[in-house]
Amino acid sequence: MVGVGLDELPPLPDEIATDPHAGRLDPREWFRDPSRPFEIEIGSGKGTFLVQQAAREPGINYLGIEWAREFYAYAADRVRRRREASGELTNVRLLNTDATEFIRWRVPSAIVRVIHLYFSDPWPKPRHHKKRVIQDRFLADAWRILEPGGELRVVTDHDELWAWDSQHFDRWCAQGPTPHWNGTHPAYERIPFDAPDPAGEGELVGTNFERKFRTEGRSFNACTLRKRA
Ligand SMILES: C[S@@+](CC[C@H](N)C(=O)[O-])C[C@H]1O[C@@H](n2cnc3c(N)ncnc32)[C@H](O)[C@@H]1O
């Protein structure tokens with residue numbers, strides 16, 4: 001199965017109200033070899049990045065999380081067909097849910113090597129800013145689930161979203177407490193974005209949206225936050 005089913009992800013238990021750990025499970029167990037490095041893509045869309053990257057890196061397990069049902073179904077079918085045709089992509093699973101909620105309530109600490117976030121929805125209206133993926137709460141949750149030295153990789157075409165992201169990243173890469181963070185050292189180190197192998201000539205990641213936006217002549221911003229232990 002490519003899609004993660006209810007048998008693998010049961011509903012959150014009632015105990016979650018008093019015990020925030022009560023809903024945690026180990027998503028690495030959803031893969032044929034759970035001992036492999038584990039990476040998550042938030043908002044995997046039609047699955048282009050996952051398909052390219054997972055074929056190139058068969059020793060890494062990839063979980064794509066997509067909350068739009070039609071894109072999730074499209075990507076899952078794409079992975080399934082390629083699996084049947086070539087035997088590749090047994091290292092990919094797809095989950096149809098809100099990635100930020102899944103990360104907060106389900107994922108145990110320090111198990112994720114990379115979180116990929118490419119061309120995240122910009123939600124331009126101020127009343128919708130709370131729907132953006134990058135929030136202080138999210139950066140605390142991402143820090144918790146990343147392995148020491150693990151990375152959050154971000155690319156966007158949207159200047160105003162980039163300004164929002166950068167303000168958050170600056171806080172989380174600076175000394176001193178931040179909302180949801182009382183550490184005595186910066187939570188993350190900001191480093192240049194390193195294009196993964198499957199990206200084409202001149203591309204950052206080679207997702208559907210990147211290719212579409214390139215033909216429109218848009219420019220992009222990208223960076224990586226590395227978890228400081
Ligand atoms: C602009 S599209 C980019 C898709 C793909 N990453 C690409 O570059 O082609 C953003 C995607 O993220 C999904 N998305 C946004 N917020 C999400 C969330 N909190 N959890 C899961 N998916 C989300 C949207 O449904 C949409 O498919």
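**Close-up views of a predicted model**

α6 gives the most to the shell around the ligand, with 3 residues.

**View 1. The shell around the ligand.** This model is predicted. Around the ligand stand 20 residues. The closest are G43, G45, A99, T207 and F209. Two helices, α3 (99-105) and α6 (208-215), each supply at least two residues of this shell. Sorted by class, the shell holds 10 nonpolar, 6 polar and 4 charged residues.

**View 2. The open sheet.** Seven strands form an open sheet with mixed pairing, in the order β3-β2-β1-β4-β5-β7-β6. β3 (92-95) and β6 stand at the edges. Each has a single partner strand, so one side of each is left without a neighbour in the sheet. From one strand to the next, the twist averages 20°. Strands of a sheet pair through backbone hydrogen bonds, either parallel or antiparallel.

**View 3. Helices on the sheet.** Helix α2 (residues 69-86) packs on the sheet and touches β2 (61-65) and β3. The direction of α2 makes about 160° with that of β3. Helix α4 also packs on the sheet, where α4 touches β4, β5, β6 and β7. The direction of α4 makes about 135° with that of β5.

**View 4. Strand β4 and its partners.** β4 (112-118) runs parallel to β1, and 4 bridges join the two. β4 also pairs with β5 in the parallel sense, over 6 bridges. Look at L117 in β4: I42 stands opposite this residue, and V154 in β5 is its bridge partner. Another pair is V112 with L146 in β5. Of the 7 residues of β4, 6 are buried, so β4 is largely enclosed by the rest of the structure.

**View 5. Helix α4 and what covers it.** β4, α4 and β5 make a right-handed β-α-β unit. Which residues of helix α4 (residues 136-145) are buried? They are F138, L139, D141, A142, W143 and I145. The cover over these buried residues includes the helices α3 and α5 (159-172). It also includes the strands β4, β5 (146-156), β6 (188-191) and β7 (221-227).

**View 6. The residue D26.** D26 lies in the segment before β1 (38-42). Is D26 buried or exposed? D26 is exposed, because 12 other C-beta atoms lie within 10 Å, and a residue counts as exposed at 12 or fewer. D26 and D77 are 51 residues apart in sequence. In space, D26 and D77 are 24 Å apart, C-alpha to C-alpha.

Conventions
Residues numbered from 1 in each chain as written. Predicted model: local features only at pLDDT ≥ 70, side-chain atom pairs only at ≥ 80, totals over all residues. Buried ≥ 20, exposed ≤ 12 C-beta atoms within 10 Å, placed from the backbone. Near = placed C-beta within 6 Å. Nonpolar A, V, L, I, M, F, W, Y, C, P; charged D, E, K, R; others polar. Contact = placed C-beta atoms within 7 Å. Pairing = 2+ DSSP bridges. Right-handed = clockwise from strand over helix to strand, strands pointing away. Axes fitted to C-alpha atoms, helices over the stretch in contact; angles between N-to-C directions.
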